[in-house]
There are 2 protein chains.
Amino acid sequence: MISQELIDKGSLAKEAAYILGLTSTELKNKALEKMADDLEARCTEILAANTLDMEKAKDKELSKAFLDRLLLTEKRVKDMAEGLRAIVKLNDPIGEVENMWTTSHGLQIGKMRVPLGVIGIIYEARPNVTVDAAGLCLKSGNAVILRGSSDAINSNQKIAEIISKSVEDIGLPKGSIQLIEDTGREVANQMLKLNKYLDVLIPRGGAGLIQAVVENATVPVIETGVGNCHVYVESDADLKMAEKIIVNAKTHRPGVCNAAETLLVHKDIAEEFLPSVAEKLRELDVELRCCPEARKLIPESKEATEEDFATEFLDLILAIKVVDNFEEALHHIRRYGTKHSEAIVTNDYKKARLFQQAIDAAAVYVNASTRFTDGFQFGYGAEIGISTQKLHARGPMGLKELTSYKYIIMGDGQIRE
Amino acid sequence: MISQELIDKGSLAKEAAYILGLTSTELKNKALEKMADDLEARCTEILAANTLDMEKAKDKELSKAFLDRLLLTEKRVKDMAEGLRAIVKLNDPIGEVENMWTTSHGLQIGKMRVPLGVIGIIYEARPNVTVDAAGLCLKSGNAVILRGSSDAINSNQKIAEIISKSVEDIGLPKGSIQLIEDTGREVANQMLKLNKYLDVLIPRGGAGLIQAVVENATVPVIETGVGNCHVYVESDADLKMAEKIIVNAKTHRPGVCNAAETLLVHKDIAEEFLPSVAEKLRELDVELRCCPEARKLIPESKEATEEDFATEFLDLILAIKVVDNFEEALHHIRRYGTKHSEAIVTNDYKKARLFQQAIDAAAVYVNASTRFTDGFQFGYGAEIGISTQKLHARGPMGLKELTSYKYIIMGDGQIRE
């Protein structure tokens, strides 16, 4: 039995998606601007709702990092509003005809961008996802059904109430932006199988959430975010550059999916490279977990377990392994990588080229930090997540990745002979 | 417990996919040519294996249409070989960089086509799918795991044995093309959840098979083929053109997914149009199932049930409905369509445009037969199926639709500040 809330919201979303698919960019932009203005105007209400969530979270003695993700401030609400205004400025992909050709029978065939339809987003504590996801879905002509976590329910409800109203005030359908109020597990499970109403599901959160969605959903899923990323330093690398890159990839923002988790070092330069880089990383409070070879050079480090090489730490922890050669590095990445972002530091033309061909990941770097795998950095302007699957979209997903296409065919009576 | 056959073949396929992704077009083409030559050279063996399947099927008293789909002849084997030679001539999408740009930090970012990896194909009786699918997957650098039906097992085994050997003889990996020998239901069910080895599943067959796969698979699925297609004749249509189009869309090849199943007619021209088109269709042995309005004009027709409007007949049967206006036609198609191919016949510019905007289907036609939704007709040269979902690929899927992409990023020491 599917919950009445899902059926009601699913039907409304389907109707809304039909209208949104035919809505002009101008009107969608007006709605986004209204959403931004209303969030700012009603900031006090949002902060009050957020205080309820924060108190509950403190009672539950949730971690400091968790509390920080949950917390809203006046500045953060303003940032959410600015995020929406930034989406206004992005090109609307809908209606774009990427290709048009004429067949030998004189049919004109065009490949036109259209919305996906109804997008389900299942996410964890950050209330800003409610706004980001709603904004990106709206601009790309999709209706959205949001399902946040129970820890953020008061904040999410208030935000959803405000922005749904903005959209309705502009004259767009009620079902354009909806939040599931029931944060029970049963409803989330039902949402995974809501093929009748949802065209796609995007989970945003930790590895556990994503795994659960992928394993149980029958609705098509876009898998996002788990990044066990590597930086491999070849024997001929510019070691100063290599140090800069691994330090940046590990410490610039350790809690995000494009941060590096393992450093692989060619054995010929391990002795020269590792002690100095280890010192630098330790100064920045990075805990090092090393293979036996690397430990000889960094004696104060911990021993890395098999598990460490498979872990996305999302923290100031780095696994280090010395490899015999290029092939061993490739092999290690194939074995432990999550197809997110992988980097080589080298000055060898052939190895640079082969690394980019052989590594199967969303983003494959030569001589740059993995931290650039990001919609803004790529110039996409905003992102709904970073896909680590190969179907539909890979890497940073902007507005275009929230669309599908249809063929429009214009004839003058052609039939097949 | 996953069957040992699936684990063994899955692991081999994964290894093979890695190699195939790095294989030159030249070598893949050589393998395709060898496959074609070997199929022709060993035609007698294939026909002998097919005879076993045909005898079994006759004993089971399967339908004539079924037997025809199962049957192989010398000509059909030659056609399969020619199909492979046609794939040789297609452009290889792998390695194509669709876009390359330089960011403000001086990073060069390119979006490069790569194979999906390992593709699972679950299909019904036609043994030619074994060859078509294997050829398309190979050319696009993917390893394939085929799972045909038990009715065609002898034919499929023989064909798979021949073409796998061709590929190995050329020096490509053993796991490039594999057939699951166990045709039990249990193994098929396990295949649906083989996320560890399969990147995507493509079911090819009837609505029942496709539904079962979509509902149970955790591996990403590309849904193919169910086409409840409509032709809508507007009040201002050129009625001669409309007749030609519906006759073609219904009768040219009624058993395929792009054939029309329902004719919608504007009430203002129903009286002029329906009796003559009904006569024409009846001459071609089409059974007509009509709404009450239409029956008044075609008295000898059957009454259409609700069920009829929802059915993909795949046969010489046509449902007919008279609608009051354009909106009712749109509404009917939204309700009963399967997002495959929809056509309007009109000379009204605004309605033509609105129909193509409002109808949510893979192919939306103005003044042409739905029969053109086909990889060959679109100029894609070959197709693995017609997608009716919106994620990843929509409509005819050629080689490019069997690929993903990755971002290759070239820097000279860039880090994120």
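Predicted model: local features only at pLDDT ≥ 70, side-chain atom pairs only at ≥ 80, totals over all residues.
**Exercise 1. Find the domains of chain A and say how far apart their centres lie.**

Start with the assignment: domain 1 of chain A takes in 4-223 + 390-409, and domain 2 covers 229-372. Notice that domain 1 is written as two stretches. Next, take the centres over C-alpha atoms: 35 Å separate domain 1 of chain A from domain 2 of chain A.

**Exercise 2. Follow helix H11 of chain B from end to end: what is its span, where does it bend, and what covers its buried residues?**

Step one is the span. H11(B) runs over residues 267-283, which makes 17 residues, and its first and last C-alpha atoms are 24 Å apart. That is close to the 24 Å expected at 1.5 Å a residue.

Step three is burial. Phe273(B) is also one of the buried residues of H11(B), along with Ala270(B), Leu274(B), Val277(B), Ala278(B) and Leu281(B).

Finally, step past the end of the helix. H11(B) is followed by Asp285(B), with a positive phi near 70°.

**Exercise 3. Describe the side of chain B that touches chain A: which elements supply it, and what kinds of residue are there?**

First, count the residues: the contact takes 54 from chain B and 54 from chain A. Now sort the chain B side by element. H9, H10, H15, S13 and S16 of chain B each supply at least two residues. The largest share comes from S16(B), with eleven residues. Then sort by type: 27 are nonpolar, 18 polar and nine charged.

**Exercise 4. Trace the sheet that uses strands of both chains: what is the order of its strands, and which strands stand at the edges?**

Walk along it strand by strand. The order is S10(A)-S9(A)-S11(A)-S8(A)-S7(A)-S12(A)-S13(A)-S16(B)-S2(B)-S1(B), ten strands in an open sheet with mixed pairing. At the edges you meet S10 (302-303) of chain A and S1 (97-102) of chain B; each has a single partner strand, so one side of each has no neighbour in the sheet.

Zoom in on one pair. S7(A) and S12(A) run parallel and share four bridges. His230(A) has Glu342(A) in S12(A) as its bridge partner.

Now look at another pairing between the chains. S16 (residues 403-414) of chain A is joined to S13(B) by five bridges, again parallel. Tyr407(A) finds its bridge partner in Ala363(B).

**Exercise 5. Take strand S3 in chain A and then in chain B: how many of its residues are buried, and which strand does it pair with?**

Begin with chain A. Six of the six residues of S3(A), residues 118-123, are buried. In a regular strand the side chains alternate between the two faces of the sheet. Here one side carries Val118(A), Gly120(A) and Ile122(A), the other Ile119(A), Ile121(A) and Tyr123(A), and both faces are covered. S3(A) joins S4(A) in parallel through five bridges, and Ile121(A) is partnered by Leu146(A).

Move on to chain B. S3(B) has six of its six residues buried. Five bridges link S3(B) to S4(B) in the parallel sense, with Val144(B) as the bridge partner of Ile119(B).

**Exercise 6. Decide for Ser155(A), Asp285(A) and Lys339(B): buried or exposed?**

The cut-offs you need are 20 or more other C-beta atoms within 10 Å for buried, and 12 or fewer for exposed.

- Ser155(A), in helix H7 of chain A, has 27 such atoms, so Ser155(A) is buried. Its contacts include Ile46(A), Asp53(A) and Pro127(A).
- Asp285(A) lies in the loop between H11 and S9 of chain A. With 9 such atoms, Asp285(A) is exposed. Its phi is positive, near 70°.
- Lys339(B) lies in the loop between H14 and S12 of chain B. With 25 such atoms, Lys339(B) is buried. Its phi is positive too, about 65°, although Lys339(B) is not a glycine.

Key. Residues numbered from 1 in each chain as written. Chains lettered and ligands numbered in written order. Domains from an automatic or database assignment. Expected span 1.5 Å × (residues − 1). Contact = placed C-beta atoms within 7 Å. Nonpolar A, V, L, I, M, F, W, Y, C, P; charged D, E, K, R; others polar. Pairing = 2+ DSSP bridges. Lists of a residue's contacts leave out its neighbours within four places in sequence.
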